[in-house]
Amino acid sequence: MRVRMAPSPTGPLHIGTARTSLYNYLAARHAGGTYVLRIEDTDPARSTDDFERDIIDNLHWLGISWDEGPQVAGGDDIGPHAPYRQSGRMELYGREADRLLETGSAYRCWCTTEELDAVRRDQETKREPPRYNGRCRHLAEAERAAHEAEGRPSVIRFKVEPESVRFDDLVRGEIEFDNALLGDFVIVRNDGMPLYHFVVVIDDEAMGITDVIRGEDHLSNTPKHIALIRALGYREPRFGHIPLILNADRSKMSKRKSQTAITAYREEGYLPEAFVNFMAFLGWSPGTEEEIFSLSELASRFDIAKVHHGGAVFDRDRLDHLNGVYIRAMTDEQLALRVRPWVPEAIRDDDLLRLVPLIKERLVKLGDVPDLIGFVWEPDEVVAGWYGPELLYPKKGGPNEARAALEGAREVLAELDDADFSADVLEQRFREAAEVAGMKAGDFFSPIRVAVTGRTISPPLFASLEMLGRDRSLARVDDARGKLTQVPA
RNA sequence: GCCCCCAUCGUCUAGAGGCCUAGGACGCCACCCUUUCAAGGUGGAGAUCAGGGGUUCGAAUCCCCUUGGGGGCACCA
C-alpha cells in the first residue's frame, strides 16, 4: 500500500489537511505501507516557501512522519520517486498533455474568458448546468490551423466521454456518476501551467500511489480523475473520501468562521499528542468506549472502513478537555519542560519545577501558564495594579473584614522566619489567626489571596505564599493594606 | 439550477435486524470534597435514532420517498 498526502503551500497547514494527513498516515502505518508527502505547488501565484515550511514544520510537530518526500522545507527529496514537488515534474506533465492531444483525448481551445463567461451566464438564465459548450472540440481543421497560425495562446481541454463512471469508495462503498453532466474541463492553462485535476493523476501514477485518501470535497472530482486515468492508460487506485471538518454552523471548516491554522493551536499551547488524539476522533472511533490513544495506538487500531460518513463539527471544549487530560497525565518534570517556552527565562528550572504542581490540574493549555502563576514573577507593583480595593472584600464582608484579615496576615508573616516559611506552617498559622479574628477561614483567606496573587482565583494560597517568599508576600499584603486606607469604613 | 454525499442527545460518537425502555465522552445542572479556582467523586437533565412509507415475527440498523444539511460543478488546489 502506498498513500500520500498532497498539501498545497498556498496557506498555513489547515486543520482539514492535517486530519487528512493523519488518516493517510494511520492507514499506511496500520497496513505497513508507505507514506508519501508531495507538495502541490502548481499555483505559483499563491504558493510560497513560508507556507511550505509551515506545513512541514507543523506536520513534524504533530508527529506525522513520511517515508518519502521533502524532509524539510526547501530541502532535498528523499525517496525513489523524486521529485516530490510538482514544480519539478513540469516536463512530464507536458509530455502527458501531448500524448492526450495525439490520441485525441484532448484538444486545444481558443475560447476567451469573456466568451466563456457569456456562455456560462446564458446557461444560468436557461437553468442549464454550467459547463463548457464544446465549441473548440468541433472546430474544422481549417479553423484550427488558422488559430494555430495566428499563434494565439490556447488552453488544453480534456474530452469527457458521456459515460457513467462507478467506483468503490473505501469509506462510502459504491458510487456512480454520469460524466455526460461534466463538460470538457481544462487540463493545461493558456500559459502552459497544468491544472490540478490533471497533475494529481499523473503524480499519483508516477509515485505508485495505490490508495487515494482525501477529503469529501473531492468526491465529485473523482469521475474526472478516473476518466483521465483511463485515457492515460494508468492503473486505477482505490479512492476513499473522508468526511469534512465543519464550522459550528455545519459548513466546511473555514478560516472565516473558525481558527483553521494548526500553528495557531500550537501557539496557544495545545499538545500535539492531544491534538492528534482529538483529530483522529473527528470521524473515526475504535468502536469501543476508549478514547485516549497515542499516535502508535491509533495506527494499530485505525480502519479506514470504520470512518464515518457524515461531517464532524470542530468542538473546542472537547479539545480543551483532552488537552487537560494529557497535561495531568504528565510528570512534573515533563510538564516543566513543555511549559518552559511560556515562562520567563529568568525563572530558574528548579523554581519552575516547584511551580508546576501548583498549576498542573488547572492548566488547560500551556499558554495559560502566565495567567495562572504570572503573579510569581511579576513585580509587586504590577500585581497590585491588577485589582482595586473592592476586590479585597470577602464575599460576605466589606473593607473592615478585608482590613482585619490583612492585618492578621501581616502579623503572621512578620513573625515567621525563613525556615518556617512553608505551606504547612503557613496554613496552620493562618487558620489560628482567622480564629483570633473571629472570621471564617474562607473569608479570612480571600483578601490575602487577592493581595498576593492579584486575583480572586488562584493556585492554593499557602503554596503560593511559599513560592513568593516572606518578603514579597509581606510587601504585597502591605500594598493591599495601602489600597484600603483610601476607602472609608 | 444540476450532480454527488450525508442524517443517533447541543457537540464528538457506540450501534453493522432481536443484547437498545439507545451506551460513552465533552458541555450543562446539582451535590460531595474544599482556602478560591480547578481536578476528582456521585447523581441528573438531554435523542419518539430527521419525517413518512415499506420489508420482516422483529428495525436506529435493510429498501423507497420527503425534508434538512453539506460538497462539487474555475485557465484554484
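Student: In this predicted model, how far does a backbone N or O atom of Asp317 lie from a sugar or linking oxygen of RNA strand B?

Tutor: Residues are numbered from 1 along each chain as its sequence is written, while chains are lettered from A and ligands numbered from 1 in the order in which they are written. As the model is predicted, local features need pLDDT of at least 70 and side-chain atom pairs count only at pLDDT 80 or more, although totals for chains, interfaces and linings use all residues, and side-chain values use heavy atoms, leaving out hydrogens and water. A polar contact is a pair of N or O atoms within 3.5 Å; within protein, one must be able to donate a hydrogen and the other to accept it, and residues adjacent in sequence count only if both atoms are side-chain atoms. For Asp317, the separation between the backbone atom and the sugar or linking oxygen of RNA strand B is 3.4 Å.

Student: Which element gives the most to the surface near RNA strand B?

Tutor: A residue is near the strand if one of its heavy atoms lies within 4 Å of it, and helices (H or I, at least four residues) and strands (E, at least two) are DSSP runs numbered from the N terminus. By that count 64 residues surround RNA strand B, the closest being Arg172, Gly283, Arg362, Arg431 and Arg449. With 4 residues, the element that gives the most is α11.

Student: What percentage of the atoms of RNA strand B within 4 Å of the protein belong to sugar or phosphate?

Tutor: On the protein side, the residues of this surface divide into 23 nonpolar (Ala, Val, Leu, Ile, Met, Phe, Trp, Tyr, Cys and Pro), 23 charged (Asp, Glu, Lys and Arg) and 18 polar (the others, Gly among them). On the RNA side, bases supply the rest of the atoms, and the share belonging to sugar or phosphate is 72%.

Student: Which strands stand at the edges of the open sheet of 3 strands?

Tutor: Two strands pair if DSSP finds at least two bridges between them, and here the order is β5-β6-β9 with antiparallel pairing. One side of each edge strand is left without a neighbour in the sheet, because each has a single partner strand; the edge strands are β5 and β9.

Student: Which residue in β9 is the bridge partner of Arg157?

Tutor: The antiparallel strands β6 and β9 are joined by 2 bridges. In β9, the residue bridging to Arg157 is Val186.

Student: Which residue has a positive phi although it is not a glycine?

Tutor: The residue is found in the loop between β12 (245-246) and α8 (262-268). Its phi is about 75 degrees, and its name is Arg250.
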